[in-house]
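Here are a few notes to read alongside the model. Keep the structure open and follow the points in order.

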Amino acid sequence: MNEPYILNLLTSGFKDAVVVVIGGKGGIGSQVVKQAKELGATVIVGSRTATKPDTSDAVIADAYIPIDICDTASIQKFAATLQEKYGRIDILVNTAGLSYQIPPNNLELLTDEMLTEVLDTNAKAPLVIMRELAGLLQAGQDPVIVNLSSIAAHTGGGSNLAYAASKAALDTASKAIARALAPKVRVVNISPSALDTDFVRNRNSGFIDATIKASALKRLASTTEVATAVLCAARLLTATTGTNIFVDAGRHL
Ligand SMILES: NC(=O)c1ccc[n+]([C@@H]2O[C@H](COP(=O)([O-])OP(=O)(O)OC[C@H]3O[C@@H](n4cnc5c(N)ncnc54)[C@H](OP(=O)(O)O)[C@@H]3O)[C@@H](O)[C@H]2O)c1
């Protein structure tokens, strides 16, 4: 019997695919690496510390290439290394980012330095990455960009207002980039709610408890579920581009 259609999309879509995960050592990124490797992809991780993870249970990608997403020269060097070694990108996952937990009413805690760091890392950097890697994606097989956004862009909540604004900027720009790179390259943004990772500096358990309480499904989404959504957007949702998919246990409702 032939393999079912959906399984075939996954197996043929990931086998020998060149998957680049920027932020691939993080909570979500490492799950994307794991699931893409399980499906037979060649997975390249971009990270400021481009060494293999040292824990024995970590999933090892095929290559680790240094990148600081806040430095255009570093992004260009990363692109040149990919060009030389692989010549194309089939799936680009932009998952690197950062935030700080700041009480929503304490506007004075939003220093200029913090605003610049959060907006540069979460909004400007992915746009520079998409610009600099567009050529490699145009050379790819069924190429797609999957950006990690956040439901904070939709709710205006989340860890702080600069973070919500940065993800809203990414979402809007991604629609424009989806138009610019069509019909060859698709662009899909995945929007999780708060997850149990080390992502937000100084986030306390109270925030996580409040997220669970406010979510329709009364639980958090997991990093595994978010990574699965990334892979589905890349290879199953073949008519989807220029939009967001919420993976938030109903937190936005
Ligand atoms: N966790 C959540 O609650 C949550 C909720 C909604 C959306 N998201 C989004 O999901 C994405 C990933 O979150 P996560 O939970 O996996 O976070 P994480 O575990 O903190 O991983 C993020 C990764 O970003 C990388 N990074 C940060 N600044 C960088 C820079 N300047 N250059 C290169 N890499 C940089 C870090 O990698 P290196 O240190 O190796 O460079 C880090 O491993 C983020 O975009 C975030 O906005 C997260």
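1. K218 is exposed, with 10 other C-beta atoms within 10 Å. You'll find K218 in the loop between α7 (205-214) and α8 (223-235). Its phi is positive, near 55°, and K218 is not a glycine.

2. A word on the source: this is a predicted model, where local features need pLDDT of at least 70 and side-chain atom pairs count only at pLDDT 80 or more, while totals for chains, interfaces and linings use all residues. Residues are numbered from 1 along each chain as its sequence is written.

3. D16, also not a glycine, has a positive phi of about 65°. This residue sits in the loop between α1 (5-14) and β1 (18-22). Helices are DSSP runs of H or I with at least four residues, and strands are runs of E with at least two, numbered from the N terminus. D16 is exposed, with 11 other C-beta atoms within 10 Å.

4. Next, look at P183, in the loop between α6 (161-181) and β7 (186-192). The peptide bond joining A182 and P183 is cis, with omega about 5°.

5. Now for the ligand: 27 residues surround it, and the closest are G26, S47, R48, G97 and F199. To count, a residue needs its C-beta atom, placed from the backbone, within 6 Å of the molecule. The largest share of this shell, three residues, comes from α2.

Note on methods. A residue is buried if 20 or more other C-beta atoms lie within 10 Å of its own, exposed if 12 or fewer, and partly exposed in between; C-beta atoms are placed from the backbone.
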